[in-house]
Structures are given as C-alpha cells and as structure tokens.
Amino acid sequence: MTSHTNPADIEAHRHYLNLLSQSFPTVAEASTEIINLEAILHLPKGTEHFLADIHGESEAFQHILKNASGNIKRKVRELFGNDIREAEIQELCTLIYYPEQKLELIKAAEPDINDWYHITIHKLVKVCRDVSSKYTRSKVRKSLSSDFCYIIEELLHERIDDSNKAAYINVIVDTIITTGRADDFIIALARVIQRLAIDQLHILGDIYDRGSGAHIIMDAMNQYHSWDIQWGNHDILWMGACAGNDACICNVLRLSLRYANLATLEEGYGINLVPLATFAMETYGNDPCTEFMPKLLKGSEMDEKTKLLTARMHKAISILQFKKEAEIFKRRPSWHMVDRCLLDCVDYEKGTCMLNGKEYAMNSCNFPTIDPANPNRLTAEEAALMERLHHSFAVSEKLHKHIRSILSHGCMYAIYNSNLLFHASIPLNEDGTLKEVELYGGKKYKGLQLMQHIGQTIRAAFENDTEQNERSFAIDYFLYLWCGKDSPLFDKSKMATFERYFLLDKETYKEEKGNYFKLRDNEEICDRILDAFGIKGPNRHIINGHVPVHASRGENPIKANGKLMVIDGGFSEAYHQETGIAGYTLVYHSRGFQLVQHEPFTSARDAIMRGIDIKSTTQIVEMSAHRMLVSDTDKGEELRSQIADLKELLYAYRHGIIKEK
C-alpha cells in the first residue's frame, strides 16, 4: 500500500487498515510508531558479514564470528590505541572473544583482581557503547542478558565524564564487583559486543565436508541472531542424503573417508559405520586399496591399520556410489549423463576403460562385487549394506534438525541491498546469454526463474504432500545438482571421480569449467546477470564463493571492475597449501565494503593462552561517498512502506473511517 488521502482509496484498504489498527489502536500509538520508524531510517546501516566455503572448520569459523573478521579489534584500537599498549589491546580483545576461558587465566595471575575488574568493566562498557551506537535502544535491549539488562542499559547511556553521574556509575561497577557478579557481568558484556558487531551474517554455501566440525557450526548457527545461507554443492549433497538419495549418501561417506573425517558422521549425527567397515574388510581384505588411502590433513595422525581399514571402506563406498549413480542416470535420460556410467565402460579382463572412444589403462582392476555382464547391479551384501546406511541417515534426528534449519534459512540465491548472492554460478551460453536448463516435466528455465524453480524442487523433496513422481524426481535431482553439467552448483563438463581413482592418464582428470567461470571477469556479463535478477543502482554486485582464489599465484578476488567478489579463499585446511591463505570474509558496513584476507588459524587454545588472533589483511573494496544509513538499504524501503501504511491509518482515524480503540 502507498499513502493516499482519497477516502475511496482508504475505504478500499479498510480490511488491511483494520488489521493494522489492532497493533496501533490510537492516533497517539500510530504517530509514535511513525516517529520511531522515521528516526530508525537515519541510523547508520548495520554491518553485514559474508562468509563462504567453511567446510567444517568450526574453530576458525567460530573465531571469525567472535572477532567479526577483525572488526572488534579495529574498534578497540580506535578507542584505546593511544592510551594502552598493544599487549593490553590484544588481551582485551581475547577477553571479548573468549570471556569464560580468559577470566580463569587472568584470575590465576592477577594480584589485584578487584582493581582489574574495575578498569576492565569500564573498558568493555566503552567498547559496547561504540558497537551499539548505530542501533536503537530497543534493538540493543533485545540483545542483552536478562540478568543485567537494566544495569548495562544504564551504563551504556550514561556518560562517565558527566560529573553528576560519575559517582553513580562508579557505585554500580563497585557493587557488581562486591556482590561477586563481576565474571558474569563481563561475560554478558562480551557477548553483547560480539552480537552487535555483526547485524546480519550471510553464508554463501558449503558448511559441510572436509573439516570435522560441520555439526558444531550448525549448532552455533541455530543459536545465532540473524543469518541466511545460499546453498552450496556440499550442503546440497548432505540435504540429498537426508532426503533419502542413496547416491548422495554414498558421496557423503566417500568424501568423509577421503579426508579421514568421520567426526561429523559418527559423533555429530550418530551414523553407524560398523556395517560398512565389516563389509569392507570381508570384501577387500586382500586389496591394498592404494588409490583410496585417506588424505590426512596437517597434524593428523593415523596408524597403518586404521589407515588401511579407512582405505578399504573408502573403496567399498566408492564402488557402491558408482552403481547407485548409474541407476539414477539411467532413470533420468533427459540429464544426458548416461555416459558417466563408467563401470559399463571397463574391460574387466584387459584392465582398460573406454572413454570418449579412446581406451585407457587402469591402475587396478580388482572389483569383487562387479558382474561384468551387469556391472551396476548391487550384490545381495551391497544391497543390505545400502539399506542399513539409508536407515541410519533416515533416523538421525540431529541431521534432520540441521537440514531443516538450512532449508528455513536458505535458498539458491538471495538479494540484499543491491548485492546478488549465490554459491557458484549462473549457467550461461558461450556468448554470455543466460542458458536454459531443463527441470521436472521437461520445462526449461534460465537465470532468476531457474534459481527459483530449483529452490522449489529442493523443497518438494521434503514435503510429504508433493505428488509422488515429482517428489521422486526432486530426490533424484540432488545428484544432478552435485555433479550435473548445467547445475548452478557445479557447472563443469564432468566430475572425474572415477578417472582420478582408476585411470593412469591424468588428462582424463580434467574437468572443464562452465561458461560462467570463463566469462565472469567481464563487467558486461555481470551486468547482464544483475539485470536478469532485477537488481538496479550504480553500486550493485555479485558475491559468491565455490572456487578457491589462488592468492599465492596473484589471483585477485575482485573481478569485473569491482562488480564481482569471490570470497572463497580456501577456508578449509585442505586448500591452504593450494591457495596460500585461509579464506576471505567480506564486511559491508556503513562506510562501504572491506575484504578481509585471513592467514591460517592455529587454535582457540592458542588464542586464549597466548592471545594469538587470526592474522588478517584488510583491503578496501569500495567506499561510499556518504555514510550509508538504514534509509539507503532494503530495510529502509520496507520501513518507508510501513510509514506510508501508518499514515493511511492516521488519515482513517482522523476522518472517522476507522474508530480508535
């Protein structure tokens, strides 16, 4: 609705205005809300925080949330840089990040703890006052601990340099200390600072795989104040496993075994891997499984016996995966992926594989569960194993809770404040035009409509009232999203998993990137995509992750003359050697964009014991000519619409169209 003074128009909106009057039953209340909303429009915009490709690195992820990508340290330096030493700045920051653990260390070493409490509480209040300054009192109040809400409000909104209030404030702090509540109060303040340092968290996909703490990250997100996610290919794989796609279940298990990371499966979600281990030992007990040895990350240790068992489990689930994938590819011929049924292409006597009309030698050809006459048929033992694994995923309450959370907070794309967010790509033709991709029922979509309909297909897999054939397609479609040529989450010529395991010729490993990745440095192409999603304005951007930025080779994450920002710099430890860094985060505050490049995180223990923070380098990407206000954001547009509706309600009250309550 928009503001009108025409009684006929007001009458047409009477039903809506009657509903609105229940929340604002008098002229005074409606007027007060208009005043409040108009004032909010003139506050600085909240800080948005963008992360991508976390890949289970829970400690580094949680630390970056705690330090707001270095934003908290920057504020502490601005407030105290000329007054206290660098070591004291670091100690104060560590206290904000890890208050409970740091307090224990300080109390054990500090000779005059009451004096320390007094000085530290005043410092923390000053930091808290700074990070809360861009929010309304109401919003700040909602973020406060109920135990200390009134006290913190008093301290935040009183000035220490006011001589009339100095004694009052000092008595409050002294009383907190003498009543033994100082520790709890410091913890409460630290949490408020962390909470207010980031207004909105955007995760551009891939919480899962490689690292061991995806379930820990999801637990943290379920407690987080405001977040959204644009689904990544690894998230989709776990969503497919949760929905009951057996090929996705096999892929999830294979990747976990490949990186010797079973913590998320076993400890996080209670997936029983004993049947797989038993089957692997019985079936591949004499196989060295050389190609399937796990990739151990730095600092990981595994004895030879465990390593061999893991390799055999890895091979067992890989063969099962290839069989289950072939079953789906043949069921969905419109995907044009039957050529990826590579078990059909093996000459099991010669030990060769026919690929694109050329014969390639295999590094091994030990396949005890494969019948050359029907290579993709499961043995009775494999079928029984698959049934048990399927059941284990189906009954994992915590997994289903986490996937429901990803569904409720996520989609394939999002648009925030003229920024288009998605994980990987938008399918394009060679000339850069949007490519049509076929979905259920043979219907084809491109660009915005493609992303919307894929999102609907994904949700259909979890809705019991979805028509049976449509739901069956939706469950199968998770596999296409994982490895299909025109999937916005993959966008490559093929996924060369089979080739990497079994073929000697490394030329067969090549996965040609799709047109989006070839053309994304072209500003005109980025503008075309932004136009297709209806994003207007001079300062519009595409922000995505998926492909690690090789900073060590000089690759720039800012592309297309600033229109595109790629923020996957290798968060996962598995990528550190390849990228030379440990990820990017993007911060969008009222002054503009800052890209933060991180070095590898050692551990939370080092951060607490030695004050070691993640070393980060900040690059200013784009600064605004004026300080951006709430009025300049999507939220501002929403508030202006609410103000217009309230003004209509005022008109209706004052002209007797609607009576005050």
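**Entry 1: Ser405**

I started with Ser405, which lies in helix H20 (residues 397-409). Helices here are DSSP runs of H or I with at least four residues, strands are runs of E with at least two, and both are numbered from the N terminus. Ser405 is buried, at a relative accessible area of 7%. For that word I use under 20% relative accessible area, with exposed being over 50% and partly exposed in between, for a 1.4 Å probe and protein chains only. What does Ser405 touch, leaving out residues up to four places away in sequence? I found Met218, Asn222 and Trp227, where contact means heavy atoms within 4.5 Å.

**Entry 2: what I am working with**

This is a predicted model, in which local features need pLDDT of at least 70 and side-chain atom pairs count only at pLDDT 80 or more, while totals for chains, interfaces and linings use all residues. Residues are numbered from 1 along each chain as its sequence is written, and side-chain values use heavy atoms, with hydrogens and water left out.

**Entry 3: aromatic rings**

I searched the whole structure and got 22 aromatic pairs. One of them is Trp335 with Phe473, edge-to-face, at 6.3 Å centre to centre and 75° between the planes. This pair links distant parts of the chain, 138 residues apart: Trp335 is in the loop between helix H18 (304-331) and strand S4 (346-347), and Phe473 is in helix H22 (residues 468-483). To pair, rings of Phe, Tyr and Trp (its six-membered ring) need centres within 6.5 Å; planes under 30 degrees apart are stacked, over 60 edge-to-face, and the rest tilted. Trp335 is buried at 7%, and Phe473 is buried at 6%.

I also noted one aromatic cluster, formed by Phe292, Phe322, Tyr348, Phe367, Phe498, Tyr501 and Phe502.

**Entry 4: charges over rings**

Which ring has the charged end of Lys45 over it? That would be Tyr588, with the charge 4.0 Å from the ring centre. Phe367, a member of the cluster, has Lys315 over its face at 5.6 Å from the ring centre. The cut-off is NZ of Lys or CZ of Arg within 6 Å of the ring centre and within 35 degrees of the ring normal.

**Entry 5: positive phi**

Cys289 has a positive phi of about 50° and lies in the loop between helix H17 (274-284) and H18. Asn561 has a phi of about 55°, in the loop between strands S13 (558-559) and S14 (564-566). Are they buried or exposed? Cys289 is buried at 0%, whereas Asn561 is exposed at 68%.
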